[in-house]
Amino acid sequence: MKLYEFQGKEIFKKYGIPVQSGFLIYANDEVKHFTPPLVLKAQVLVGGRGKAGGIKVWDGSIDVSKIINELFALKIKKEKVNAILALEKVDILREIYISITFNKSRSIHVLIAGTSGGIDIEKTAKLNKEKIHFVEIDPFLGISEYQIRGIAKKINIKSYLEFKKIIMAMYNIFKEYDATLVEINPLAMTPDGLIAIDSKINLDDHSYFRHEELFKKFKKEKKLIQGKGLDISKSRDDTITYVPLSGNIGVISDGAGTGLFTLDLISKFGGTVANYCELGGITNSEAMLKSLKMVTGDSMIKSILVVLIGGFNRMDEMAKGIIKFKKEFNKDIPIFIRMCGTKEEVGKQLMRNANIPVYNSLNDIVEKAVNKAMES
Ligand code: GDP
Ligand code: MN
């Protein structure tokens, strides 16, 4: 799960990493009396906001609501802006890049530091490799003092203690939150010391069971920002299993094996799963309808995979559920369906009559769904 900047900064604050003070503005909020200078930052999950015009400075010379409206009208890589983080503007003397992530092939943590951070870090990583430094961290030993000293020297940081405190806090967040990435870009040198200007934290979805409350809180905040979505919750007598994850593809299957196999394929094609619904038992059209509503309740959803291998489960019933969903909710989210097994021909005929395509190859539909999710 990717966290918004403001969510990441809440965690930073808790761990003693210096951040600017600020507040969040939602689209319908009244514009109060703000004091300049402020940096107004679009809260989106895609990168490259600065370059896309998603970061604006308000110096007090014009009406702040003009800037706010401009930001809310923005779409950054197709992501609509529904919340803005307003922060006290700080003077920046120098920008540094710091992150902690995995080196998966070596089963090791890695600290990455760049002499000059900021919005061109990708370019720097390609063109000025000598400016980026990697420090491998043994997960059992943790970060050692000498490693932090070494890196501070390489990127020319004089205030070692201050720097060390930030690195240790980042590493503690990385471990305690089961993060896959904790990034500060830029970590700014200011007249008042080091300050994290930006935050990027990605949490490992597999750790959901360890941080259930936390994931729920972040998801709730996401929903508040992204709005929409039908909020359908599971009832006790449902046979439906619903697993919320944090990618952008919804998956519905009628059996655990098929479902898990589909998740593997999605991963192979480079996609990420938003949520997973398993119908279970002997199901009917109502269960299919409900699971489609549950899956589309997640506003991150960009495409849906319905993978059915009917044993006890009848494809004519499944088709009825899908058709009803299309008719009643007419969401423009693309759905890729594969169905076979009991009453397959009847189900497929119903789908043809309703003009909803059904595919035969699981590989094909997974690839299609992943591509759709990536292009939007
Ligand atoms: P990103 O484009 O999504 O990475 O957004 P950042 O939060 O990293 O901001 C992009 C750039 O805007 C930073 O690298 C800074 O150069 C600039 N910036 C952001 N906040 C401030 C601030 O408070 N003061 C100054 N002087 N520059 C800022
Ligand atoms: Mn940044």
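The discussion below takes the labels in turn.

Modeller: The model is predicted, so local features need pLDDT of at least 70 and side-chain atom pairs count only at pLDDT 80 or more, while totals for chains, interfaces and linings use all residues. Residues are numbered from 1 along each chain as its sequence is written, chains are lettered from A and ligands numbered from 1 in the order in which they are written, and side-chain values use heavy atoms, with hydrogens and water left out.

Colleague: Why is T124 called buried?

Modeller: Buried means under 20% relative accessible area, exposed over 50%, and partly exposed in between, with a 1.4 Å probe and protein chains only. T124 has 11% relative accessibility and therefore counts as buried. This residue lies in helix α3. Across the chain, 51% of the 376 residues count as buried.

Colleague: Which residues does T124 touch, and what is a contact?

Modeller: Contact means heavy atoms within 4.5 Å. Not counting residues up to four places away in sequence, T124 touches S116, K129, K131 and I132. For the chain, residues 24 or more positions apart account for 69% of the contacts with a separation of 6 or more.

Colleague: Why is strand β2 described as largely enclosed?

Modeller: Five of the five residues of β2 (residues 38–42) are buried, so the rest of the structure largely encloses this strand. L38, L40 and A42 point one way and V39 and K41 the other, and all are buried.

Colleague: How do you know which strands pair with β2?

Modeller: Two strands pair if DSSP finds at least two bridges between them. Four bridges join β2 to β3 (residues 55–58), and the two run antiparallel; V39 stands opposite V57 of β3. Five bridges join β2 to β6 (residues 83–88), also in the antiparallel sense, and here L40 stands opposite A86.

Colleague: What makes the span of helix α6 close to the expected one?

Modeller: The expected span is 1.5 Å times one less than the number of residues. Helix α6 (residues 212–226) has 15 residues and reaches 21 Å from its first C-alpha to its last, close to the 21 Å expected.

Colleague: How do you know where the buried residues of α6 lie around its axis?

Modeller: The buried residues are L214, F215, F218, E221, K222, I225 and Q226. They cover an arc of only 130 degrees around the axis, which puts them on the same side of α6; the arc is that of the directions from the helix axis to the C-beta atoms. These residues pack against α1 (5–14), β1 (22–26), β6 and β12 (200–203). The face turned away from the buried side carries the exposed residues E213, K220 and L224.

Colleague: What makes one space a cavity and another a pocket?

Modeller: On a 1 Å grid over the protein atoms alone, a cavity is a set of points where a 1.4 Å probe fits but cannot get out, whereas a pocket is an open set with protein on both sides within 12 Å along at least five of seven lines; lining residues have an atom within 4 Å of a point. Grid points are joined across faces, edges and corners, and a volume is the space filled by probe spheres set on the points. The structure holds one cavity of 30 Å³ or more. Among the residues lining the largest cavity are F215, K219 and Y208. The second largest pocket has a volume of about 880 Å³, and 39 residues line it, with R49, I119, N185, P186 and D198 nearest its centre. β10 gives the most to that lining, with four residues.
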